[in-house]
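Here are a few exercises to work through with the model open beside you. Try each task before reading its solution.

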Amino acid sequence: GDVIDMHKYPAPGAPKAQENRASVLGEFGGLGLATPGHMWTQRNWGYRGVPDGKALTRQYVKFLSQAWQLRETQGLNAAIYTQITDVETEANGLLSYDRAVIKVDVDPVAQANQGHAPPPPQFIPVVPTSEQNVQTWRYTTEKPASDDWYKPDFDASTWKQAKGGFGTEGTPGATVGTQWNTPDIWLRREVTIDKLPTTPLLMAHHDEDAEIYINGVLALKTTGYTSSYEEFDLSPEAKTTLKPGKNTIAVHCHQTTGGQYIDVGIVDVKQ
C-alpha cells in the first residue's frame with residue numbers, strides 16, 4: 001500500500017520511515033474524562049484518565065507538540081487523535097457524547113493543532129524515578145495482611161528490598177531493575193525532600209492499574225497503562241501532605257495481560 005500506519009497510546013509515535021510510503025500515526029491519545037449527565041452510559045473508559053479539563057488540555061497540547069516534532073525527526077506525515085467526541089462507552093473525546101460540553105480550553109488546543117504549541121515545560125526531579133538512576137524500594141508480591149500498608153507508620157521491614165523499576169523485560173519504555181511477573185505488587189519508599197516543589201506532579205510509568213499514596217493519602221488512582229514515563233496531577237489532599245524532610249510513597253500496581261511495569265517519582269514544573 002501507499003501508507004504505513006501504527007497505533008500508539010497514549011503518547012504519539014511514528015512508524016519507521018519508508019522511501020515510498022507515507023508514515024501515519026492512525027491512532028493516539030485516548031485521554032479519558034467523564035462528563036456526568038452528558039454520557040451514553042456511566043460506565044466509561046479511556047486509555048489514560050485525567051482529573052479535569054485543565055489536565056486534559058495540558059496533556060493534549062503536550063501530545064500534539066510531540067506529534068509535530070515527529071514530523072521533523074521521523075518523517076511523520078499524518079496523525080489522528082482519539083478522538084473528537086466521546087462515543088458510547090469511550091469517554092476520551094474532546095467533546096462529550098451529546099456534544100454539549102467542550103472539555104478542553106479551545107484556544108491552546110487550536111494552537112497545538114496548527115503546530116504552534118508553546119515549548120513543553122521542563123520537569124525538575126524532586127523524587128527521582130529509576131528511568132535514569134536506579135532507586136531502591138521495599139516491595140512484596142503477596143497481599144499485605146494489614147490494610148494500613150500505605151500509611152507512613154506501617155512497618156515494611158519484612159518486605160524485600162530491591163532496585164526499581166519493577167516489571168518484565170520488553171515492556172515498552174520500561175527500565176527494569178527488578179523482575180516482577182505476578183498479578184500484583186506493593187511498593188514503599190521513604191524519601192527526603194529538601195525543598196517543597198512549587199508545582200508538584202507525579203512522574204509515573206504504570207502497566208497496568210495503579211494506586212499511588214503520599215504520606216498515607218491517595219494521590220492518584222489510574223487504570224490502563226502507559227508506554228513511557230508520564231506526568232500526573234496529585235490529588236489536592238495528597239499535595240497538602242508534602243513537607244520538607246521525610247515523606248513516604250506507597251504504590252499498588254495490578255496487571256492482567258501483556259507487559260507489566262511500575263515506577264514512580266515526583267517532579268516540579270519549570271515553565
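**Exercise 1. Find the bridge partner of I193 in strand 16, then work out how strand 16 is set among its neighbours.**

Step 1. I193 has G245 as its bridge partner in strand 16; strands here are DSSP runs (E, at least two residues) and helices are runs of H or I with at least four, numbered from the N terminus.

Step 2. Strand 11 (residues 184-193) and strand 16 run antiparallel and are joined by ten bridges; a pair requires at least two DSSP bridges.

Step 3. Strand 13 (residues 209-214) is also antiparallel to strand 16, with six bridges. Here A210 stands opposite C253.

Step 4. In strand 16 (residues 245-254), seven of the ten residues are buried, so the rest of the structure largely encloses this strand. Buried means under 20% relative accessible area (1.4 Å probe, protein chains only).

A note before moving on: this is a predicted model, where local features need pLDDT of at least 70 and side-chain atom pairs 80 or more, while totals for chains, interfaces and linings use all residues. Residues are numbered from 1 along each chain as its sequence is written, and side-chain values use heavy atoms, without hydrogens and water.

**Exercise 2. Give the strand order of the open sheet of three strands and identify its edges.**

Step 1. The order is 1-2-5, with parallel pairing.

Step 2. From one strand to the next, the twist averages 20°, with angles running from 0 to 180 degrees between N-to-C directions of lines fitted to C-alpha atoms, for helices over the stretch in contact.

Step 3. Five bridges link strand 1 with strand 2 (residues 22-29), and D5 has V24 as its bridge partner in strand 2.

Step 4. Helix 1 lies across strand 2 and strand 5, at about 160° to strand 5; contact means heavy atoms within 4.5 Å.

**Exercise 3. Describe the lining of the second largest pocket.**

Step 1. Strand 4 (48-49), helix 1 (53-74), strand 14 (217-222) and strand 15 (230-233) each supply at least two lining residues.

Step 2. Strand 14 gives the largest share, five residues.

Key. Buried means under 20% relative accessible area, exposed over 50%, partly exposed in between (1.4 Å probe, protein chains only).
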